[in-house]
Structure formats: structure tokens, C-alpha cells
Amino acid sequence: MHTKTRKIAMTGMLCALTYVVMAVGRVPVVLFLKYDPSDIVVTLGGLVWGPMTAFTVSVTVAVVEMLTVSGTGILGCVMNIVQTVSFSCTAAALYRRRRTLGGAVAGLLAGCAAMAAVMLLWNYFLTPLYMGYPRQAVAELLLPVFLPFNLLKGGLNASVTFLLYKPVVTALRQSGLAPAGAAQTGGRPVGLLLAAAFVAASCVLFILSWNGII
């Protein structure tokens with residue numbers, strides 16, 4: 001298959017998978033804030049095929065979500081795009097410049113920080129418009145609610161993406177669907193794998209306990 005055609009096909013598959021994960025994987029966390037693991041799919045795609053792929057998938061899925069299952073309209077769509085792009089495109093852009101283990105870790109950490117910072121600003125400006133909350137009430141929630149939520153979401157996304165990237169890319173390369181240089185991260189120290197697994201497990205346990213599931 002021609003490289004460009006293959007990339008288009010993979011982008012379409014990523015969009016479909018991201019939408020399904022978004023639709024079935026939503027878990028309420030606090031207030032109207034929900035977590036879903038779709039950003040992990042977008043970020044994996046961005047790490048393999050570049051930040052423009054992550055951007056394309058983010059925008060496409062957000063628009064389709066707005067037209068199908070979302071009740072927050074165009075403003076909610078914009079918030080979804082900003083949130084996903086700030087995490088996945090930051091991680092993919094940094095990793096694209098430095099395809100090493102350190103580059104992958106730095107990209108994911110930077111994506112987490114960027115999403116947390118960017119969403120504080122966008123929550124302040126747009127949340128009152130599409131959720132009907134007074135701006136002063138939203139401002140009072142920024143540090144005690146929105147910041148921890150986005151750090152929790154970013155930490156879970158980053159840790160699970162780190163755990164999945166190597167096996168996913170290895171499988172894609174073996175099937176001829178990923179570029180040959182996509183998995184140049186070398187061996188991953190056991191300590192980093194354990195740390196990522198610990199962060200992911202801690203975030204999941206927090207979400208489950210907050211919702212009274214455990």
C-alpha cells in the first residue's frame with residue numbers, strides 16, 4: 001500500500017477507535033468532569049505518525065462527538081479539541097524531535113503539564129458559557145477541582161501511553177503498518193515501567209474510590 005494511502009487509512013482507523021473508546025469509556029470523576037481514555041489512543045497515534053495525525057484525529061473525533069453523543073455543543077467541542085491537542089500534540093512534537101526513551105518521557109510529561117496549564121485558562125473562559133456556571137464559581141474551582149482533575153487525567157494518560165507504546169508499535173511494525181523508525185526508544189528500565197504502572201494504578205484507584213465503586 002502506498003505510504004500516503006496507508007497513513008490516511010490508519011488515521012481513519014484511529015478516529016474510529018478513539019470515538020469508540022470515548023463513547024464507552026467515560027467515567028464520572030467530579031461535578032460534570034468525566035475521564036475517558038481516548039486521549040491515549042490519540043497520543044499513541046501521534047507518537048507513531050506525528051503530531052499532525054494527533055491533531056487530525058482530535059479534531060475529527062471532537063466534531064463527530066458534538067454531532068452524536070455530546071450535549072455541550074460547539075463550545076464543548078472546542079474544549080475537547082484544546083484538551084486533547086495540548087496533551088497529545090505536545091507529547092508527539094517533542095518525541096518527533098528526539099526519538100529516544102528520554103524524548104518519550106519528556107514529551108509525555110510536557111504534555112501532562114501543558115494540558116493542566118492550558119485547561120485552567122480555557123476552563124475559566126469557556127466553562128461558564130457552556131455549563132451555565134457563574135464565572136466567579138468557576139474561578140473558585142480552578143485550583144481545588146480543575147487542576148487536580150487535569151493532573152490526574154494527564155498522569156493516567158501519560159503512564160498508560162508509556163506502558164503501551166513499545167508493544168503497540170512493535171505489533172504495528174511487524175504488520176507493516178508503522179514506519180521503521182517508530183519504536184526507537186531502546187530498552188525501558190524496569191524502574192520506569194514500575195513507576196508508570198504505579199501512577200496508572202493510583203489514578204485508576206482514585207477514580208474508582210471517588211465514585212464509590214471500591
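**Figure 1. Contacts along the chain and its overall dimensions.** In this predicted model, 70% of the contacts in the chain with a separation of 6 or more are made by residues 24 or more positions apart, a contact being heavy atoms within 4.5 Å. The radius of gyration, taken over C-alpha atoms, is 17 Å, which agrees with the value near 17 Å for a compact globule of 214 residues, the globule rule being 2.2 Å times the number of residues to the power 0.38. Along the principal axes, the C-alpha atoms fill a box of roughly 50 × 40 × 30 Å. Local features need pLDDT of at least 70 and side-chain atom pairs count only at pLDDT 80 or more, whereas totals for chains, interfaces and linings use all residues. Residues are numbered from 1 along each chain as its sequence is written, and side-chain values use heavy atoms, with hydrogens and water left out.

Figure 2. The chain has seven helices and two strands, in the order α-β-β-α-α-α-α-α-α along the sequence; helices (H or I, at least four residues) and strands (E, at least two) are DSSP runs, numbered from the N terminus. Of the 214 residues, 43% count as buried, where buried means under 20% relative accessible area, exposed over 50%, and partly exposed in between (1.4 Å probe, protein chains only).

**Figure 3. The aromatic pair of Phe-32 and Tyr-133.** Four aromatic pairs are present in the structure. The pair of Phe-32 and Tyr-133 is edge-to-face, at 5.3 Å centre to centre and 70 degrees between the planes; rings of Phe, Tyr and Trp (its six-membered ring) pair if their centres lie within 6.5 Å, and planes under 30 degrees apart count as stacked, over 60 as edge-to-face and the rest as tilted. This pair links distant parts of the chain, 101 residues apart, with Phe-32 in the loop between strand 1 (27–30) and strand 2 (33–35) and Tyr-133 in the loop between helix 5 (101–131) and helix 6 (135–174). Tyr-133 is partly exposed, with a relative accessible area of 27%.

**Figure 4. The aromatic pair of Phe-32 and Phe-146.** Phe-32 also pairs with Phe-146 in a tilted arrangement, 6.2 Å centre to centre with 55 degrees between the planes. Here the loop between strand 1 and strand 2, which holds Phe-32, is linked to helix 6, which holds Phe-146, across 114 residues. Phe-146 is buried, at 0% relative accessibility, and ring pairs join Phe-32, Tyr-133 and Phe-146 into a cluster.
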